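Some questions on charged side chains and their pairing follow. Please look over the model before reading on.

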Amino acid sequence: ERIGQVVGYIRERFDQKTKRSFAYTLAGKRRAGFNSLLATASIDAAKRYYAEFARQQAALPEAQRLKIGLIYSYAANEDDPDFLAEEEFETEDLDASSRDFLERAISDYNAMFSTSFDTSSDRFQNYYKDLSLRIRNRELDLAIVVNMFLTGFDATTLNTLWVDKGLRAHGLIQAYSR
């Protein structure tokens, strides 16, 4: 229920928070608004958010739906609340349901952008790079992430960070400084 309410909140306020009515110029191209990240505390939470966005947008016309991407990978110690993981590209260690869900999300992404990525080692790294580029080019409205893109990632088109996780110490400073 809570995730449903949070997704409703994000959908209702997305245009306002990302300034979609505000036009700007980037690299000589006129763009409208920005995009955002939703940082979640766990893979399970990311899966629930992704599914809830799909459910709430199912009845909307394609033009009104937010373009949403999902990315996560396995990191040792990810259950430790004081652990700030570096971005990892290991999908082999994901449990079967998490890997299958990520495969389905990547399949949705492939359909949206006519690509052919999957969770295999080589293609997952390429998916990461492509997702990063599409965030920078504002082709993706929202990326749901677990321990990805919070530090060391720069995209001038990204202005909103939705956070559903605890951020502490240098992780908090880095995430909000970005």
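Q: How far apart in helix α2 are arginine 48 and aspartate 44?
A: Helix α2 covers residues 43-57; a helix here is a DSSP run of H or I of at least four residues, numbered from the N terminus. Within helix α2, arginine 48 and aspartate 44 are separated by about one helical turn, being four residues apart.

Q: What is the N to O distance between the side chains of arginine 48 and aspartate 44?
A: This is a predicted model, where local features need pLDDT of at least 70, side-chain atom pairs count only at pLDDT 80 or more, and totals for chains, interfaces and linings use all residues. Residues are numbered from 1 along each chain as its sequence is written, and side-chain values use heavy atoms, with hydrogens and water left out. The two side chains form a salt bridge (a side-chain nitrogen of Lys or Arg within 4 Å of a carboxyl oxygen of Asp or Glu). Its N to O distance is 2.9 Å.

Q: Is glutamate 62 buried or exposed?
A: Buried means under 20% relative accessible area, exposed over 50%, and partly exposed in between (1.4 Å probe, protein chains only). Glutamate 62 has 59% relative accessibility, so this residue is exposed.

Q: Which residues do salt bridges with shared partners join into one network?
A: Side chains of opposite charge can pair when their charged atoms come close. Here shared partners link Asp130, Arg134 and Glu139.

Q: How many salt bridges does a search of the whole structure find?
A: One of them pairs arginine 13 with glutamate 12 at 3.2 Å, N to O. The search of the whole structure finds eight.

Notes. Helices (H or I, at least four residues) and strands (E, at least two) are DSSP runs, numbered from the N terminus.
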